Amino acid sequence: MPDFQRRTDIMAFHIDKTRIDLFPDAPSRPAIAGAWIAVACAAHVARGRRDGFMQVCHGKCGPLARIAPGDRVAYYSPSRERGDGKPYRMFTAIGTVRPGEPYPFDQGGGFMPYRRDVDWDEGEPAEILPLLGELDLTRGQRNWGSKFRFGLVRATPEDLMRIAAAMRVRLPG
């Protein structure tokens with residue numbers, strides 16, 4: 001879903017600085033939550049699951065700001081440890097973003113990454129390779145891994161449901 005569809009101001013217009021709501025009884029968010037795939041090594045994902053947060057793109061705030069409370073996120077882990085070079089290729093976490101905005105966190109040594117709080121579902125890691133032909137994001141893509149280089153990728157709700165099923169997690173809706 002494009003970001004502009006999330007904004008409440010498309011449901012209103014202004015005349016002489018007075019807001020006129022086109023659909024006053026409509027919810028401020030679409031009924032379908034956003035769906036995302038974040039990328040990090042399995043060790044970093046495990047730390048986030050343990051402490052109830054997510055971090056992407058080496059702690060940048062901008063990508064996290066694209067995510068809204070209630071959105072669903074799955075983590076893809078290409079490796080077990082950062083920089084180990086050994087392929088892992090597993091989905092390692094799935095959850096729902098909690099209310100609130102991205103916030104800086106002092107990890108020490110001058111590193112202040114941004115985080116978002118997440119309610120992580122209990123599940124088990126699932127291999128991506130059997131899902132490549134099923135996911136809208138990767139179906140028919142020879143170089144499917146290149147999409148994950150950006151650290152955060154918008155996905156379809158259907159893809160998140162497929163990933164959740166592979167991880168043996170039942171998502172609501």
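Q: In what order do the elements of the protein run from the N terminus?
A: The order is β-β-β-α-β-α-β-β-β-β-β-β-α. That comes to three helices and ten strands. Helices (H or I, at least four residues) and strands (E, at least two) are DSSP runs, numbered from the N terminus. This is a predicted model: local features need pLDDT of at least 70, side-chain atom pairs count only at pLDDT 80 or more, and totals for chains, interfaces and linings use all residues. Residues are numbered from 1 along each chain as its sequence is written, and side-chain values use heavy atoms, without hydrogens and water.

Q: How much of the protein is buried?
A: Of its 173 residues, 38% are buried, meaning under 20% relative accessible area (1.4 Å probe, protein chains only).

Q: What share of contacts join residues at least 24 apart?
A: A contact means heavy atoms within 4.5 Å. Among contacts between residues at least 6 apart in sequence, the share is 65%.

Q: How much space lies in the largest pocket?
A: Rolling a probe the size of a water molecule over the atoms shows where empty space is left. Here the largest pocket holds about 760 Å³. Of its 33 lining residues, Val 39, Ala 40, Cys 41, His 44 and His 58 are the closest to its centre. A pocket is an open set of points on a 1 Å grid where a 1.4 Å probe fits, with protein on both sides within 12 Å along at least five of seven lines; lining residues have an atom within 4 Å of a point.

Q: Which element gives the most to the lining of the largest pocket?
A: H1 does, with five residues. H1 spans 42–51.

Notes
Grid points are joined across faces, edges and corners, and a volume is the space filled by probe spheres set on the points. Buried means under 20% relative accessible area, exposed over 50%, partly exposed in between (1.4 Å probe, protein chains only).
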